[in-house]
Amino acid sequence: MASATADSVAKILSDLNINAGDWPLNLVKNLHLLHPDQIELAKMLVDLGQSHLFQHWPEPGVEDEQKKAFFAQVAKLNSNYPGGLASYVKNARELLADSKEGKNPYDGFTPSVPTGEVLSFGDNNFIKFEEAGVKEAQNAAFVLVAGGLGERLGYNGIKVALPAETTTGTCFLQLYIESILALQGASSRLSHATSPKVIPFVIMTSDDTHARTLDLLESNSYFGMKPTQVHLLKQEKVACLEDNDARLALDPYDKYKIQTKPHGHGDVHSLLYSSGLLNVWYVSNSYIASKIWNLEKKYSCFCKLPYSSVLPVIIMLFLCGMGTPYLMMFVSALALASLYRRDAGLRWVLFFQDTNGLLFKAIPASLGVSALKHYHVNSLAVQRKAKEAIGGITRLTHSDGRSMVINVEYNQLDPLLRATGHPDGDANCETGYSPFPGNINQLILELGPYIEELTKTGGAIKEFVNPKYKDASKTSFKSSTRLECMMQDYPKTLPPSARVGFTVIDTWLAYAPVKNNPEDAAKVPKGNPYHSATSGEMAIYRANSRILQKAGVQVEDPVKQVFNGQEVEVWPRITWKPIWGLTFAEIKSKVSGNCSISQRSTLALKGRSILLQNLSLDGALIINTVDGAKVKVGGSIQNKGWIVESIDYKDTSIAEELRTRGFRMKKVEGLEETYNQPGEFSLKP
């Protein structure tokens with residue numbers, strides 16, 4: 001038996017033209033256990049200098065199933081990374097060498113302020129862009145990057161399940177879906193479409209969040225969205241690295257498993273590319289899309305090329321007598337697609353992250369900027385103070401002529417400016433803000449150029465590595481590291497001809513992320529944003545109050561209170577469903593006469609056609625309506641209202657989602673009216 005095994009191993013090595021002395025002995029002894037594809041993976045690992053992975057392997061007959069499971073993981077890691085593990089290790093060695101040498105990624109680059117649009121809420125320019133954005137919404141797809149848990153927030157669920165605000169209890173995912181559906185309906189009405197388009201919605205999940213995200217959707221009937229328009233794409237992890245030679249790290253608890261960590265939200269681009277969704281969206285017409293999608297899978301070798309290159313290649317095959325009926329069908333489908341893409345296909349992809357309750361207040365105007373300015377890439381941004389801890393959107397021009405518009409982290413922007421002839425570094429200009437707008441990691445990409453670029457890169461995004469070294473010699477790590485990538489670094493590979501810009505929106509309207517737990521938020525220096533569940537909810541009430549003020553409503557000034565160690569402004573608790581008011585023009589049209597709302601009031605509008613006419617509110621008012629019900633609300637409404645009650649975030653008897661913000665709504669008294677039937681109604685006590 002031993003002789004037969006030895007002969008089998010010898011034949012395997014001979015067939016692969018491998019000298020047994022070049023391979024780890026423990027691996028050689030176990031080769032006969034492996035399938036041919038696993039042996040190929042073993043060869044790849046040895047060629048990549050990863051022989052250490054097999055040093056602990058025992059004799060054949062011991063833990064053989066674990067050995068095979070090891071290669072199952074290797075196969076998965078190899079297939080999930082563009083270019084496979086060979087590319088991953090190659091990229092890692094280059095980046096680790098640069099890190100050890102202390103190489104500055106911006107050497108040779110000169111920063112300057114890029115071209116962009118700075119909007120002022122409520123003026124004619126803002127309204128123009130909002131209207132253009134709503135029209136374009138039916139030609140867009142939305143992508144939510146939601147791979148994280150809420151542990152950092154002091155919440156054990158997935159972050160998108162966390163309430164954006166507790167007046168209505170609407171969670172972030174519900175808010176996003178209802179906003180997309182509201183845009184879908186408004187865009188259809190504005191364009192007078194005979195057959196309304198369905199806006200696709202993609203959610204990037206992870207091993208940690210996938211099942212729980214799906215459960216949240218299914219248990220809530222997808223919050224009113226068609227299940228077929230929602231696509232979940234699960235992000236996989238990448239291999240960890242144990243040293244500067246990019247040797248893959250073994251899991252400390254399992255010697256047959258490579259340690260893995262998240263690769264970063266930049267993976268969303270490769271996931272979209274590999275899923276085939278982008279090409280389906282570009283075609284859009286459901287019949288043609290399905291035909292092309294099936295044919296593209298069959299002839300994937302051709303589909304690695306840009307569409308402009310595919311037709312000449314296939315026509316050449318026909319001229320050489322190599323055509324088949326299927327190829328003829330493929331050519332016909334592509335030709336038909338070229339006719340449909342411009343008129344029937346989608347044009348935009350909007351990327352956003354998981355816990356910013358204000359984002360969709362900025363989407364219509366920002367999308368309008370993309371459409372009217374013809375941007376290939378539009379980064380949503382806010383005004384930032386010089387040296388504020390938020391990255392700045394910057395144009396970088398290299399001495400060799402290359403240029404790109406990207407996010408530069410705040411701690412890199414100031415020294416870069418000083419090193420390139422700006423002695424004051426990152427300084428405020430005459431507006432009182434830095435000329436480099438603050439990046440909030442929300443992108444709008446034009447679909448056609450996006451597909452062309454991903455076809456070149458395979459969806460790969462420029463990576464970085466951030467090893468924690470044991471000492472100044474930089475020869476060993478404190479713990480394993482890995483390559484990472486960020487969604488907003490997509491523009492780094494674009495040609496100089498790409499039209500890359502930004503849209504600056506007022507911070508109070510567009511940006512209130514929830515990412516810090518109560519303890520960390522309480523340590524934030526006074527005057528800086530807390531970015532907590534406390535501040536995030538209060539920001540929603542502030543934004544809604546200021547919007548109504550701009551629309552002519554007398555909204556009483558806020559008071560300051562402290563919750564979870566954070567001093568915040570407490571405005572009236574005003575909230576509405578996205579279907580009630582997507583744009584400023586729409587909201588303004590639903591308010592008339594002399595309306596006023598006191599600071600202690602709560603107002604929740606849950607329906608499309610609710611008109612506020614000479615309303616004086618001092619208390620709590622909740623209005624629920626079905627489609628087709630038009631309700632005029634006016635007169636004086638006064639009651640004891642709902643009280644914002646402070647709670648102790650350490651009190652485990654209270655729900656986590658409330659403890660994270662340090663308060664809850666005590667519903668003392670209020671008026672709630674529901675209109676279940678279409679028709680015209682009046683509420684005037």
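Modeller: Contact here means heavy atoms within 4.5 Å. The model is predicted, so local features need pLDDT of at least 70 and side-chain atom pairs count only at pLDDT 80 or more, while totals for chains, interfaces and linings use all residues. Residues are numbered from 1 along each chain as its sequence is written, and side-chain values use heavy atoms, with hydrogens and water left out.

The lysine is K590, in the loop between α21 (584-589) and β22 (591-592). Helices (H or I, at least four residues) and strands (E, at least two) are DSSP runs, numbered from the N terminus. With a relative accessible area of 9%, K590 is buried; that term means under 20% relative accessible area (1.4 Å probe, protein chains only). Apart from neighbours within four places in sequence, K590 is in contact with I579, W580, R608, I610, L611 and L612. For W580, the backbone oxygen lies 2.6 Å from a polar atom of the K590 side chain.

Now the sheet. Four strands form an open sheet with parallel pairing, in the order β21-β24-β26-β30. The edges are β21 (573-576) and β30 (671-675); each has a single partner strand, so one side of each is left without a neighbour in the sheet. Two strands pair if DSSP finds at least two bridges between them. Strand β26 (residues 620-625) pairs with β30 in the parallel sense over five bridges, and the bridge partner of I622 in β30 is E672.

Technical notes
Buried means under 20% relative accessible area, exposed over 50%, partly exposed in between (1.4 Å probe, protein chains only). A polar contact is a pair of N or O atoms within 3.5 Å; within protein, one must be able to donate a hydrogen and the other to accept it, and residues adjacent in sequence count only if both atoms are side-chain atoms.
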